[in-house]
Amino acid sequence: MKRLAVLGHPVAHSRSPAMHNAALAELGLAGEWSYEAIDLAPDELESRVRAMEGEGFVGANVTVPHKGAALSLADTLSETAREIGAANTLSFAAGEVRADNTDAQGLLDALPASPRGQRALVLGAGGAARAAVWALLREGAEVDLWNRTALRAERLCAELGGRPVATPEAGAYELTVNTTAVGLRGEDPFAELPLESAGFAAGQTVVDLVYGDRPSLLLAVAGEAGAAVVDGIEVLVRQGALSLETWTGMSAPLDTMRTAARK
Ligand code: NAP
């Protein structure tokens, strides 16, 4: 059996096992490959990752809080992972751990159109924001970055590019990407983030990486105003599809993955 996993802490809520096992079944690989969730405390990550190839693992996704540590422990890095400074995809072969980042391309793949030439606002300065800023700049967008802790936004921009802003210009952005955790526990995005509920309109795209069982308040309001909306599950599906293609060399069945991730 070729094993795959998502490594996180906590990880029980992850939709990745359902999404990837459905994809493996669709590809006719269910008897040969499997995908599971493994909860690892930060101090367990390195020793467990080192042991995984010997246990039959071919690769793993890495989620909160391990994305930075996964990069540090890897023997080889993709250019993308190195530049972003975080890894969400590990591959194990010939005693080596290779780290890659599919969060960046996953975000671009989830957008309805290329952000080239667009004014974009990224909210947040954690690991997800790093991938978003890197991806949007590389694709030719002009990126403003806001974070609750301004110093983190300044540091991120000094490293990756983009412009830190204290007060984003209302209504000025064709693309808004929320990478903060706001909304995860029902927080009001219009109270916690520098966004106005009346600031959205047709022609704009709004992405919210946070996802739950219902559409987030941010996406509900933006969608109501006519903006194109992309939720965190679509981004999850897109990054997962790229990881699966890295491990299996096969084209990922997106619709099957979407259906399983949304159940
Ligand atoms: P992280 O490194 O912990 O960063 C969290 C960010 O949220 C920081 O910028 C933090 O600001 C901000 N924040 C937290 N609470 C806030 C509040 N009440 N008001 C304003 N800002 C607040 O986390 P991450 O790895 O970047 O992930 C962020 C979110 O994206 C998580 O909810 C995660 O589940 C989601 N995500 C989804 C996908 C997907 O595929 N859909 C992929 C990656 C991440 P400070 O710097 O001021 O603390």
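Select Phe200. At 9% relative accessibility, Phe200 counts as buried (buried is under 20% relative accessible area, exposed over 50%, partly exposed in between, with a 1.4 Å probe and protein chains only). This is a predicted model, where local features need pLDDT of at least 70, side-chain atom pairs count only at pLDDT 80 or more, and totals for chains, interfaces and linings use all residues. Residues are numbered from 1 along each chain as its sequence is written, and side-chain values use heavy atoms, leaving out hydrogens and water.

Now the aromatic pairs. Rings of Phe, Tyr and Trp (its six-membered ring) pair if their centres lie within 6.5 Å; planes under 30 degrees apart are stacked, over 60 edge-to-face, the rest tilted. That rule gives two aromatic pairs. Select Tyr35 and Trp247: this pair is tilted, at 6.4 Å centre to centre and 50° between the planes. Tyr35 lies in strand β2 (residues 33–39) and Trp247 in helix α10 (residues 232–248), so the pair ties together parts 212 residues apart in sequence. Helices (H or I, at least four residues) and strands (E, at least two) are DSSP runs, numbered from the N terminus. Tyr35 is buried, at 4% relative accessible area. Trp247 is buried too, at 8%.

Next, select strand β7 (residues 119–123). Five of its five residues are buried, so β7 is largely enclosed by the rest of the structure. Arg119, Leu121 and Leu123 point one way, Ala120 and Val122 the other.
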